[in-house]
Amino acid sequence: MVAGAVPARWFVHEVRRAIDLLETLPGVDGSRIGLTGNSGGGWLTTLATAVEPRIAAAAPATFVTSRGRYLDGGQHQDAEQVLLGGTEHGVDHADLLAAAAPRPVTVLAAEYDFFPIEGTRETVRRAQTTYAALGAPDALTLVTAATTHQYAPELAAAATRFFCTAFGLPAPDDETEPGTLRLEALACGDTGEAAVLHDLTAAGYREPREPADPTDWLRDRITAGRDVPDEPGVRWLPGPAGSRHGFWRTETGLWNAGVLLADETDARPGLRLVLLHDGTAEATTDHPVLTRAARDDRVGGPLLVLDVRGVGALAPRDRSGRSPLSHDSTMYKLLADLLWLDDSLAAARAFDVTRAIDVMLAGHPDRPVHIHAAGLGAHHAMLAAAVDPRIVDVTVSDPVVDLDRIMTTRLHDDGRGAWHGVLPGLAVHAPGRRLHDLLGTRLKEVP
């Protein structure tokens, strides 16, 4: 994702290479190659059939529904099932099925699945109009079973009958479950091992490239498509020890929040902005980053501890009680949904930083901004500083997002939520320390 490509790209490529191999084998009829799989395999079957015409028939299982129904269900999306910008460009499951027309396809669905069966039925009906227009109204069918999320025996039996019919083969006389291949039988290559996706992306990341200024690209990623209201609707409420707690609209229907600590001095008026890993949820009077910011006397005036969307006071309630750092949390679902919309949580949060500056410096746009940040906040601060010249400097500590580590280390997730910082294409436009170099002397890294 960070490299701007989805895992499904390689998965589909591997399907195509497998077909290349099948076509070279004796006894294989290249005109009768079929594909089936369930869950993530159902996704791969759906996607590969849409783009690979050599797949003569397909039976995607326990996946096909619709984006709208899936969103209603509140489920998170596995990374390989995310199409970057797919929803923004109008791609839905029905479009993928229609792309396979008029080849025979049977959709296999579990009636008690977390892929909502209502969406499955709607999607098949939509795609059947394309099949009818191409003269094959009966080539797309739907088979359901009263089961949960699995390639249930009755679905497997239906798939067997489907392929026999599609390929002109005799009906099966034995529908018992086939045996599972031993792990050794699946090994490939002389060593019995295969390259994993990480190896491919790491190799591409290490390829030398001419450094370019990513500022315009970053600005577009951070600001494009934002629905900014005419008025931020700022509200301030009194807090303890002279502090004020505030919130305002960053986009229509979306809010930011913060704690404002008054600290008037004789220094030039400006703004000190604090971005912590967990926002105001971890703000204490002795927090080292907050202490460092309070001692920064280069500017006078307020000190704002900021909550960007999904952080601190704005953290969503997780439907299953999971941590926002978990890959099956509500936060992960929101991140995946943003990727479908050609957006990202990191870009949106960087925009929130610039929006907070708009609010705090209303009427005084020339006043300087100094940011003190840590953890995930360091990533958002650096992205914002790259596109906002009002940010004079950024002091960061304990950064969570390290592109080099993410792109070159297997199992790089250390449990601190670096995936929150995914901005598709960042590893191409600003690899390694490129973002650091872009900020130059404006960036200060401290323990």
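Mentor: The largest cavity has a volume of about 50 Å³. A cavity here is a set of points, on a 1 Å grid over the protein atoms alone, where a 1.4 Å probe fits but cannot get out. Points join across faces, edges and corners, and the volume is the space filled by probe spheres set on them. The model is predicted, so local features need pLDDT of at least 70 and side-chain atom pairs need 80 or more, while totals for chains, interfaces and linings use all residues. Residues are numbered from 1 along each chain as its sequence is written, and side-chain values use heavy atoms, without hydrogens or water.

Lining residues have an atom within 4 Å of a point. Among them are Trp-43, Phe-63, Arg-67, His-93 and Trp-340. By class, five are nonpolar, four polar and one charged. Searching the whole structure gives five cavities of 30 Å³ or more.

Next, the sheet. It is open, with eight strands in the order S5-S6-S7-S11-S9-S12-S13-S14 and mixed pairing. Strands are DSSP runs of E, at least two residues long, numbered from the N terminus. Two strands pair if DSSP finds at least two bridges between them. S5 (235-238) and S14 (443-445) are the edges, each pairing on one side only. From one strand to the next, the twist averages 25°; axes are lines fitted to C-alpha atoms, and angles between N-to-C directions run from 0 to 180 degrees. Within the sheet, S9 (271-275) and S11 (303-307) pair in the parallel sense over three bridges. Leu-273 has Leu-304 in S11 as its bridge partner.

Conventions:
On a 1 Å grid over the protein atoms alone, a cavity is a set of points where a 1.4 Å probe fits but cannot get out, and a pocket is an open set with protein on both sides within 12 Å along at least five of seven lines; lining residues have an atom within 4 Å of a point. Ala, Val, Leu, Ile, Met, Phe, Trp, Tyr, Cys and Pro count as nonpolar, Asp, Glu, Lys and Arg as charged, and the others, Gly among them, as polar. Helices (H or I, at least four residues) and strands (E, at least two) are DSSP runs, numbered from the N terminus.
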